[in-house]
Amino acid sequence: MFKFNFNAVELDESDSYENDSHVIKTEELTNSYALTTLPFTELIIGDKSLKLVDEFPNSFNSDLIPGTYEGGFKLWECTIDLLEYLSNNTKYCKEKSVLDLGCGTGLLGIFTLMSGARNVDFQDFNKEVLTNTTMKNVLVNCKERLEVCKYFSGDWKSFTTFNEDTYDLILTSETIYNVNNYMKLIKLFEKKLKPSGSILLIAKNYYFGVGGSITEFLDCLKSSKMNSDIVWTSTDGVKKTLLNIHF
């Protein structure tokens with residue numbers, strides 16, 4: 001549930017960054033904000049309160065422009081469902097190395113930090129999403145744990161080969177709307193997931209007007225080294241599916 005709170009939070013904003021909506025090569029960014037006051041929305045998930053900073057610039061004037069802006073300024077509905085699932089299954093988080101892939105607001109990774117994750121890397125296609133919303137949300141929720149967070153902008157193919165880091169848990173929400181990116185995503189999974197790790201991927205069953213679907217993604221996954229289990233499906237409204245992908 002959402003609860004609107006007219007209080008404000010202190011967050012870092014010492015540096016300004018250039019807008020770069022066409023980030024291709026992976027770049028590691030630094031969270032170096034200084035304290036200022038911004039309004040936030042409070043999101044209650046289980047026994048935890050997440051703060052979502054309200055004010056951030058979205059210069060794209062669209063929810064999604066494939067290949068240019070991948071929707072990171074918006075809190076997508078599947079993210080809420082995955083947060084609720086994690087709140088009932090915190091075993092995925094405790095003492096784990098986590099990748100929040102296509103992180104956008106960063107709430108998935110933030111929730112794992114609050115639930116005992118060892119460290120979290122946040123990855124998003126758009127650099128300005130990371131600098132204008134992800135980093136601020138991490139700061140206002142987990143300012144005591146900034147040293148265990150890293151941020152990466154750029155394309156999935158570039159990120160796959162950027163370093164040798166691997167993860168116990170990869171979280172990704174609404175990232176399979178473009179069928180042209182399926183193999184790129186699956187190769188990232190194969191390279192970045194530890195042998196005993198899990199990927200929790202949640203998506204709408206079908207993306208009208210774009211073309212991606214759970215069925216098509218699972219068909220592509222069959223050609224990989226990975227297996228999948230359906231661990232949750234929606235029972236009303238828009239049909240959504242949560243997969244646990246593993247070796």
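Predicted model: local features only at pLDDT ≥ 70, side-chain atom pairs only at ≥ 80, totals over all residues.
Good morning. I begin with helix 2, residues 107-114, and helix 3, residues 127-142, whose axes come within 10 Å and cross at roughly 20°. With angles under 35 degrees counted as roughly parallel, helix 2 and helix 3 are therefore roughly parallel to each other. Their crossing is right-handed. Which residues meet where helix 2 faces helix 3? From helix 2 come I110, L113 and M114, and these meet N137, V138, N141 and C142 of helix 3.

As for the protein overall, its secondary structure consists of 6 helices and 11 strands. Of its 247 residues, 55% count as buried. If we take the contacts with a separation of 6 or more, 70% are between residues 24 or more positions apart. The accessible surface comes to about 11000 Å², and carbon and sulfur atoms contribute 50% of that.

Let me now turn to the sheet. Strands of a sheet pair through backbone hydrogen bonds, in either a parallel or an antiparallel manner. In this model, 8 strands form an open sheet with mixed pairing, in the order 2-7-6-5-8-9-11-10. Strand 2, residues 27-29, and strand 10, residues 227-233, stand at the edges; each has a single partner strand, so one side of each is left without a neighbour in the sheet. On average, neighbouring strands of this sheet are turned by 20° against each other, direction ignored.

Strand 10 and strand 11 form a hairpin, with 6 residues between them. In that turn, G237 has a positive phi of about 70°.

Is strand 11 mostly covered or mostly open? Mostly covered: 6 of its 7 residues are buried. Two helices lie across this part of the sheet. Helix 1, residues 77-87, lies across strand 8, strand 9, strand 10 and strand 11, and runs at about 135° to strand 9. Helix 6, residues 214-221, lies across strand 9, strand 10 and strand 11, and its direction is at about 15° to strand 11.

Where is D165 found? D165 is in the loop between helix 4, residues 156-162, and strand 8, residues 167-173. Leaving aside residues up to four places away in sequence, D165 touches D121, K150 and K192. L193 is 28 residues from D165 along the chain, and the C-alpha atoms of the two are separated by 9.0 Å.

Thank you for your attention.

Notes:
Residues numbered from 1 in each chain as written. Heavy atoms only, no water. Helix = DSSP H or I, 4+ residues; strand = E, 2+ residues; numbered from the N terminus. Buried < 20%, exposed > 50% of the residue type's maximum accessible area, 1.4 Å probe, protein only. Contact = heavy atoms within 4.5 Å. Areas by Shrake-Rupley, 256 points an atom, 1.4 Å probe, with all protein chains shown as cover. Pairing = 2+ DSSP bridges. Axes fitted to C-alpha atoms, helices over the stretch in contact; angles between N-to-C directions. Parallel < 35°, antiparallel > 145°, perpendicular 65-115°, else oblique. Left-handed = near helix turned anticlockwise from the far one by under 90°.
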